[in-house]
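Colleague: Could you walk me through how to read the features of a model like this one? I would like the general idea first, and then the case at hand.

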Amino acid sequence: YKRSKYDGTITNFLCYPITAALFGTNVRQPIGGDFGLSIKLVNEILDSPMWKYPYVSRFGIDIFETFTALAKGFKVKEAPLGVKSHDAKDPSSQLVGMFRQVIGTMFTCIDKYEAAWKEISGLSETEKLGEEKHNDSPQPVEVSLSSTVNAFKSNYDNFSPIYKSVLSKDIQTKFEQLKALETTNVELSSEMWAKTVYSFIAEFRKEQKEPRSTLLLIDALRILWIGRVAAFMKDTWNLELEQAEEKIRGETKIFAKLKTYLVDRY
């Protein structure tokens, strides 16, 4: 789908770069919402033991299907479907439930499919099926930088003990600086964001025996993700959609390059 530069923020900063880096396949929208499945893959999905996890049959269903296809060696292609027409959500206030379900499912899939992704390296383009038939542009998503920064800033301290235990000191310092993003030029590099996400994935694996602690971990990551979105907003506010897309794809290459950071901690 063609999407506004501030639409699909869970995809852009988490699901897309993680899926691409882990499986070495540049699947741009692993939770795009529309899939064509072979009957063999349908049966593989229906027989999966993953259904016992509560989020899989809810907002986690898309990432579960994509991870299962990639982990089980199915051929994956992408088809251009034009503009994504839906009610876009404000990342600073409207995506709590979706975030928990999608990320909880994805992190669980990462653990269950460890043998399939751990030895993969590099990043290749996904084969395209069909051609773009329309040149429509997506409607801009109305977002507020100040509201997004405030959502990050007002919730950060609630999870500071988790950040101290999961993140290195230099990454903690950078997120502390992000609180002044509106008035200061603070850059959150793709390298730091990738290391942040990989640190949480590794920690999730350790905490899985206690559901309450994994939920806290996901909620803590959600606040940092809001900070990442805010930094991206400020960085791309005056850029065209194509220029913002280049930055998102560039960050995904950094995730792939730094995959060993995750493997070493997993």
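Predicted model: local features only at pLDDT ≥ 70, side-chain atom pairs only at ≥ 80, totals over all residues.

Colleague: Let's begin with the cysteines. How many disulfides does the structure hold?

Modeller: A disulfide is a pair of cysteine sulfur atoms within 2.5 Å. The structure holds 0 of them. Cys 15 is in no disulfide, and the nearest cysteine sulfur, that of Cys 109, is 10 Å away.

Colleague: Now the helices. How do I read the packing of H1 and H3?

Modeller: Helices (H or I, at least four residues) and strands (E, at least two) are DSSP runs, numbered from the N terminus. Axes are lines fitted to C-alpha atoms, for helices over the stretch in contact, and angles run from 0 to 180 degrees between N-to-C directions. Here, the axes of helix H1 (residues 9-23) and helix H3 (residues 61-71) come within 11 Å and cross at roughly 10°. Angles under 35 degrees count as roughly parallel, over 145 as roughly antiparallel, 65 to 115 as roughly perpendicular, and the rest as oblique. H1 and H3 are therefore roughly parallel to each other.

Colleague: Which residues make that contact?

Modeller: Contact means heavy atoms within 4.5 Å. From H1 come Cys 15, Ile 18, Thr 19, Leu 22 and Phe 23, and from H3 come Ile 63, Thr 66, Phe 67, Leu 70 and Ala 71. For classes, Ala, Val, Leu, Ile, Met, Phe, Trp, Tyr, Cys and Pro count as nonpolar, Asp, Glu, Lys and Arg as charged, and the others, Gly among them, as polar. On that scheme, the contact of H1 with H3 has 8 nonpolar, 2 polar and no charged residues.

Colleague: How does H3 pack with H4?

Modeller: H3 and helix H4 (residues 96-112) pack at an angle of about 20°, with their axes 8 Å apart. These two helices are therefore roughly parallel to each other. Ile 63, Phe 64 and Phe 67 in H3 meet Val 102, Thr 105, Met 106, Cys 109 and Ile 110 in H4. That contact divides into 7 nonpolar, 1 polar and no charged residues.

Colleague: What about H6 and H8?

Modeller: The axes of helix H6 (residues 145-156) and helix H8 (residues 169-178) come within 9 Å and cross at roughly 125°. That makes H6 oblique to H8. Val 149, Phe 152 and Tyr 156 of H6 make the contact with Gln 172, Phe 175, Glu 176 and Leu 178 of H8. By class, there are 5 nonpolar, 1 polar and 1 charged residues.

Colleague: Finally, some single residues. Where is Thr 196, and what does Thr 196 touch?

Modeller: Thr 196 lies in helix H9 (residues 190-207) and counts as buried at 0% relative accessibility. Leaving aside residues up to four places away in sequence, Thr 196 touches Leu 167, Ile 171, Phe 175 and Leu 224. Its C-alpha atom is separated by 9.9 Å from that of Leu 262, 66 residues apart along the chain.

Colleague: And in helix H2, is Lys 40 buried or exposed?

Modeller: Lys 40, in helix H2 (residues 39-46), is exposed, with a relative accessible area of 62%. Val 42 also lies in helix H2, and Val 42 is partly exposed at 26%.

Conventions
Residues numbered from 1 in each chain as written. Heavy atoms only, no water. Buried < 20%, exposed > 50% of the residue type's maximum accessible area, 1.4 Å probe, protein only.
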